[in-house]
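Q: Please take a close look at the strand pairing in this model, and then at the packing of its residues. In what order do the strands of the open sheet follow one another?

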Amino acid sequence: MKAALKLSAATLLLAQLTPAYAQDAYELDDITLYSSSVPTELSKTGTTTEVITEDEIQDGGTEQVVQKIDALPGVTFAGNGPIGSVQTMSVRGLPSRYVPVYFDGIDMTDTTSPQNLFNWGGIFNTGIGRVEVLKGSQSALYGSEAIGGVINLSSTRLAEVGQRYSFAAEYGSFNTASASFNYLQKTDRADISFTLSHVKTDGFSAADENDGNTEADGYEGTTAVLSASFQATDVLTLGGTLFYKDSDSNIDAFGGAFGDADRPFSNTRKAARVFAQYDGGVVNHEFAISHSDNHSEDPLGWTTVFDGSRTEFDYSGNTTLGTGTLSFGLGHSIEKASFSGTKADYDSSAVFAEYAAPLSSDIDLSLAGRYENHSDFGDAITGRAALAWRASEATTIRSSIGNGFRAPSLYELFGPYGNASLTEERSVSFDLGIEHDYASGATIKAAVFYNKIGNLIGFSGGSYSQVPGNSTTKGLELSGEFEVANGVFVTGSYTYTDSEDAFGNQLVRVPEHDVALSLNAALSSRLSMGISVNHVAGRANDGFPSRAMSDYTVANATINYTINDNTEAYLRIDNLFDKEYQTSAGYATSDRAIYFGVRASF
């Protein structure tokens, strides 16, 4: 029941607010939809939450959405080559297996992946209207795996009654071409979002060409998403989401350690969710069923076929209690996986509750608890406390503490390198942050964080194994946004992360220093430009065989030109200064690449 309290559309979430919240009207930018069991003003949540809006997501044209999220403080990206290869991210030093990903309330994490991670490769920003990144342990609300945080993607929606058609086309380096169509409609009772997109590219060698690898690894993929809701009566709303993605690509295993030959890889993802919401006056209810399938084929790999699925049955409710809101729910989740004929499955059931209430006019507290019973690993109790204090109209101090657990994935247990004797990981996380808004419109944020994981599951000696003792990540996040001149904005973030396993070794793909800076300027009423720079330093040895990871600095640029009220043209340059660097040992990144696109909305 990892998504029991998450509705599939922001508009529906707002419609289901309890009376204590419904007295106010909100812009979506000013609330968090997922850090609590009901939509909450950002200034009233103690959970550190980053929000990326539709304009920010779509700026610069068709890109893998992971590149947008990577600019956030505390987030680090690592890829195994071009579009279509495995792309992962860590949050506050904790890798993807600790950060589940949801799309419109559907848990999209692959049950057949080595450690239940989400592969961001080939997930583009087309049709995505909002991203929320929750940091710190969220197991009390989202269950197993949500030790490092949660990432929620939402499909594009209209804020007001009307309809919109959007078209986009792009062409650029590596013979890359993409096209997309998006249709949105909103009436007094219905809300529809449909997106269809296709991307094809010749790509470049996934294994770094500087190591003598020359065979290009291409990609071709199609994605379709339909999300809709209908207010059947004044108190009943029905809706659902359908997701489909099919792709073919090429990969180079272990950064080319076993050769650079053509190695085809195909993947099909299918997911669906249906829900019914009932406004009971005193208690609001939601019932939901979701199902996701992931099928992959790697004909030349050691495991040639992967089939996985997840089915969830959820109920959640909320009601006003005293000055706050009480939310509660229960659910059941079934996970299945097949690795070239070897089949495995497990299931879990859970109940949860959260109470969010103001302690005063300036302080809000949220307390959440969860009891989960896992078919293979027994009982687990997790909790989270989050406090927000508005020290002044311009300053908010927030803090949260929580514990979590992660059951070993089906692949870790029963895959070709599995270890059936593995036990669950246990964690504790804490953070403390401050945010200040200046009268000029500038904003600065700072946060310190600490995560501890006991019995971390790693890979050594040819199989997955438990690392006894505690592994930790701790550090500092700084970020800010300033208007340095009329129409010229500078944003930036810096993250320091000190990570180590129980033996004192730095965790791989977790840099000590990660700096992201960007400048966006309106050059005229029609012309604007943006430049972003990312500097990463202090990484542990990585790869097969193990090798030192050099520091790197990479810059990107965009130019946007408004042709008319409905049409925009843009030019995007990736790796502006043509730097050689790696985010994962042995795997290539793009040389300087140029893309030109046109977008139109009616």
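A: Two strands pair if DSSP finds at least two bridges between them. Strands (E, at least two residues) and helices (H or I, at least four) are DSSP runs, numbered from the N terminus. The model is predicted: local features need pLDDT of at least 70 and side-chain atom pairs count only at pLDDT 80 or more, while totals for chains, interfaces and linings use all residues. Residues are numbered from 1 along each chain as its sequence is written, and side-chain values use heavy atoms, with hydrogens and water left out.

The open sheet consists of five strands in the order E3-E8-E9-E6-E7, with mixed pairing. Strand E3 (49-53) and strand E7 (106-107) are its edges, each pairing on one side only. E3 runs antiparallel to strand E8 (residues 128-135), and five bridges join the two. Within this pair, Thr 53 has Arg 130 of E8 as its bridge partner.

A nonpolar core is a set of buried Ala, Val, Leu, Ile, Met, Phe, Trp, Tyr and Cys residues joined through side-chain atoms within 4.5 Å. Buried means under 20% relative accessible area, exposed over 50%, and partly exposed in between (1.4 Å probe, protein chains only). This core has 32 residues, and those with the most contacts inside it are Ile 69, Trp 120, Val 131, Ile 151 and Leu 153. Among the elements that each supply at least two of its residues are helix H4 (66-69), strand E6 (101-103), strand E9 (149-155) and strand E24 (443-460). Contact means heavy atoms within 4.5 Å; beyond four places in sequence, Leu 153 has contacts that include Val 101, Phe 103, Trp 120, Ile 128, Arg 130 and Val 131. A second, separate core of 15 residues includes Phe 306, Leu 410, Ile 457 and Tyr 464.

Two further strand residues may be described. Thr 201 belongs to strand E12 (residues 190-204) and counts as buried because its relative accessibility is 7%. Its side chain reaches the backbone oxygen of Phe 174 at 3.3 Å. Ala 388 lies in strand E21 (residues 378-390) and is buried, with a relative accessible area of 0%. Residues up to four places away in sequence being excluded, Ala 388 touches, among others, Ser 43, Lys 44, Asp 362 and Arg 398.

Key
Polar contact = N/O pair within 3.5 Å; in protein donor to acceptor, adjacent residues only side chain to side chain.
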